[in-house]
Amino acid sequence: MAPSNTSSSDGGSTPARTPGPDGTSHRLPGKPSGSATHPVDEVLPPVKLFSTGLQHVAAMYAGVVAPPLIVGAGVGLSAADLALLISASLFTAGLATLLQTLGVWKIGARLPFVNGVSFAGVAPMIAIAEEHGPKDALPVIFGAVIVAGALCFLAAPYFCKLIRFFPPVVQGTVITLIGVSLLPVAVNWARGGSPSAPGYGSMRAIGLAAITLAAVVLCNRLLRGFWQQLSLLIGLAFGTLIAFPLGLADFSAVQDAKVFALPSPFHFGAPMFDGSAIVSLCIVMVVSMTESTADMLALGKIVDREADEATLAAGLRADGLATALSPVFNGFAASAFAQNIGLVALTKIRSRFVVAAGGGILILLGLFPVLGSVVSLVPQPVLGGAGIVLFGTVAASGIRTLAEAGMESNSNTILVSVSLGVGIIPIAVPAFYDSFPEAVRTLMHSGISAGCVMAVLLNLLFHHVGAARRTRSDQTSGTTVPTATPS
């Protein structure tokens, strides 16, 4: 989308701008100076704000509750403590999302950017639990998470300077990988979510996913305006209603849920600080920072407000602060949720206040577990059908970015092809890196981080090293990455 310019007093053109997280101004594509605010800063009417915010919660709910479910089961928590851990994850995800979208000082990207529990830390946390036993597992995990969050916060203004190594060809590759790497998750949801789930892989489950997918597509084709923007929520509701007579909806969570539960600080004990656990989760945090950076760049493209250094630094600070504070309320590391980027691209609703409303809903779900249990009624196959649309939309956004990145350059073609290939390895063969050192496994187990690292390295090789920097300076994807006053 080309930026709209307004005429200045000297007869030239001056792009409209708005204050960013560092106090400097940001270009507002498509919004003339003196007009209404940029769509990112638009506050929608209350009903629309709530309903579209609820869509974001529906899209991310399964991803928020999965890590505490897995870690809690690995630690051997009782049903009551497991429910508390899930509520804590919803509550802290809501706080992190509010911090990211609304922002405080130089903290928060102020984009429609959803934060939740990072799945990257699940395997290391399970390993920590096995090493320290049920009694000390969570305190040791929480201590390591606090240190990792502090590292992220302090490193943010330096890490964000890597933006110059993320030209459009790298951004497009990473955005495409975000969508591609999430599609297997949607396919697994479509089959039932877990091999232990009743009817996993059955025609009933897959048929339900197909019905939901068809409902979302038809809503996008037949509806207009506000109702079209609610196509995902309508599809989820329709699929859930169909699931009842098919016996694929589980009401037990609603029956057993408490009405209200106030988070109890350090419910599982005061944090403990173990060296190996800290190193392990700090590595996970660096991986999460890489993915968050890629996600912010992708989201900036989608909402027509490109993420500059100040925005990236502010977003990473929000990740770090939310991560460091989450253990106080029995939560885990917070990071970006890529699936919600697909929802922004699908609905074309770019308001950060919509996502902030979703953050508020998450907090309510954490405080009122009975509400969270109602959201959990949405069966996994229904989420799978909707997820195919969401994650496919992210991949399509990446392909569109690549189309604008100067693919006539042979070096760019090699960069994209190799990076996509490396990124797909852990998606196609999850056990590929099992025999590698733990640090390598942590970095490369995610197709997003693996492909991102390879794309950055190849961009350095082709466009920054030696003669390549001089002879190919005009082939670094055609456009200059925006920069701002250093944070």
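Here are a few stops, starting with some ground rules.

This is a predicted model, where local features need pLDDT of at least 70, side-chain atom pairs count only at pLDDT 80 or more, and totals for chains, interfaces and linings use all residues. Residues are numbered from 1 along each chain as its sequence is written, and side-chain values use heavy atoms, with hydrogens and water left out.

Stop 1: Select residues 168-191, which make up helix α4. (Helices are DSSP runs of H or I, at least four residues, numbered from the N terminus; strands are E runs of at least two.) Of its 24 residues, 17 are buried, so α4 is largely enclosed by the rest of the structure. Buried means under 20% relative accessible area, exposed over 50%, and partly exposed in between, using a 1.4 Å probe and protein chains only.

**Stop 2: a salt bridge.** Now pick Lys161 and Glu309, whose side chains meet in a salt bridge at 3.6 Å, N to O. (That term means a side-chain nitrogen of Lys or Arg within 4 Å of a carboxyl oxygen of Asp or Glu.) Lys161 sits in the loop between α3 and α4 and Glu309 in helix α10, so the pair ties together parts 148 residues apart in sequence. Lys161 is partly exposed at 34%, while Glu309 is buried at 11%.

**Stop 3: a buried arginine.** Finally, select Arg110, in the loop between α2 and β5. Arg110 is buried but has no salt bridge. What does its side chain reach at 3.0 Å? Show the backbone oxygen of Trp105.

Key
Lys and Arg count as positive and Asp and Glu as negative; His and the chain ends are not counted. A polar contact is a pair of N or O atoms within 3.5 Å; within protein, one must be able to donate a hydrogen and the other to accept it, and residues adjacent in sequence count only if both atoms are side-chain atoms. The expected span of a helix is 1.5 Å times one less than its number of residues.
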